[in-house]
Every structure is written in C-alpha cells, then in structure tokens.
Amino acid sequence: MKIKVEPFLMKKGNRVAKAAVEFDEAGALNGFHLVGFTICDDAEKGLFVLFPAANTKDKDGKTRTFFFLRPNGDGKLEKLEGAILDVYESMTAFNRPAVEG
C-alpha cells in the first residue's frame with residue numbers, strides 16, 4: 001500500500017491537503033486507488049484526517065453518514081490516520097518556521 005498526499009497550494013478553510021491510498025499488493029485491489037481523504041489542521045484538534053464518506057437521507061428524511069472505509073478491528077483507523085499524517089508531515093516539515101525559545 002502506498003499513500004499519496006497532495007498539499008493544497010492555498011489553504012481551504014482548515015483543509016490543508018488531500019490524500020489517496022494506492023493498493024500495490026497482489027490481489028483483487030492491486031492497481032486501485034481509494035481517494036477522498038482530506039487532511040485538516042484545526043486550532044483545537046491539530047492535524048487530523050477526514051475519511052471518504054457520503055451523506056445520505058433515510059426514508060424519514062434523517063441525514064446519515066455512510067463511510068466507504070470501515071475497519072474490521074480496533075485501532076485500524078487510527079493506524080491509517082497516523083500513516084497518512086506521517087507522509088504529510090514529512091512533506092511539510094521543511095516549510096515550518098523555526099520555533100525560537
């Protein structure tokens with residue numbers, strides 16, 4: 001699996017980059033990309049990842065979020081989020097101002 005991150009040239013609200021996961025292992029998903037990850041930077045939360053999802057309405061008109069990626073075990077989303085943020089931070093580390101103290 002490879003993670004591709006593309007920083008936005010101009011910050012869009014709290015969104016700073018988009019990311020995709022490319023499957024390169026042998027198997028049915030080989031050669032496919034899962035797109036729709038958004039990296040956000042919030043003053044309170046810090047860096048975090050929004051996972052691909054769509055909002056749908058049920059028969060009662062209530063809005064529900066349908067996540068395209070669902071883990072089959074504990075801690076898997078956090079592990080993927082960490083991997084995506086590691087790639088982003090490695091790309092942007094040289095652009096951060098030095099902290100004087």
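Me: Two strands pair if DSSP finds at least two bridges between them; strands (E, at least two residues) and helices (H or I, at least four) are DSSP runs numbered from the N terminus. What makes strand 5 and strand 6 a pair?

Reply: Five bridges join strand 5 (residues 53-57) to strand 6 (residues 63-67), and the required number is at least two, so the two strands pair. They run antiparallel, and Lys57 stands opposite Thr63 of strand 6. The two strands form a hairpin with five residues between them, and Gly61 in the turn has a positive phi of about 85 degrees.

Me: On what basis do these values rest?

Reply: The model is predicted: local features need pLDDT of at least 70, side-chain atom pairs count only at pLDDT 80 or more, and totals for chains, interfaces and linings use all residues. Residues are numbered from 1 along each chain as its sequence is written, and side-chain values use heavy atoms, with hydrogens and water left out.

Me: Why are strand 1 and strand 4 called edges of the sheet?

Reply: Four strands form an open sheet in the order 1-2-3-4, with antiparallel pairing. Strand 1 and strand 4 (46-50) each have a single partner strand, so one side of each lacks a neighbour in the sheet. From one strand to the next, the twist averages 25 degrees. Helix 1 packs on this sheet, touching strand 1, strand 2, strand 3 and strand 4, and its direction makes about 60 degrees with that of strand 1. Such angles run from 0 to 180 degrees between N-to-C directions of lines fitted to C-alpha atoms, for helices over the stretch in contact.

Me: How many bridges join strand 1 to strand 2?

Reply: Seven bridges join these antiparallel strands, and Ala17 in strand 2 is the bridge partner of Pro7. Two residues lie between the strands of this hairpin, where Gly13 in the turn has a positive phi of about 65 degrees.

Me: Why is Glu22 called buried?

Reply: Its relative accessible area is 14%, and buried means under 20%, exposed over 50%, partly exposed in between (1.4 Å probe, protein chains only). Glu22 therefore counts as buried. It is found in strand 2, and a polar contact of 2.8 Å joins its side chain to that of Lys4. That term requires a pair of N or O atoms within 3.5 Å; within protein, one must be able to donate a hydrogen and the other to accept it, and residues adjacent in sequence count only if both atoms are side-chain atoms.

Me: What makes Phe37 and Phe51 an edge-to-face pair?

Reply: A search of the whole structure finds two aromatic pairs. In this one the ring centres are 5.7 Å apart and the planes stand at 75 degrees, so the pair is edge-to-face. Rings of Phe, Tyr and Trp (its six-membered ring) pair with centres within 6.5 Å; planes under 30 degrees apart count as stacked, over 60 as edge-to-face, the rest as tilted. Phe37 lies in strand 3 and Phe51 in the loop between strand 4 and strand 5, 14 residues apart. Both Phe37 and Phe51 are buried.

Me: How do you know that Phe66 and Phe68 form an edge-to-face pair?

Reply: Their ring centres lie 5.5 Å apart with planes at 75 degrees, so the pair is edge-to-face. Phe66 is partly exposed at 37% relative accessibility, and Phe68 is partly exposed at 47%.

Notes:
Contact means heavy atoms within 4.5 Å.
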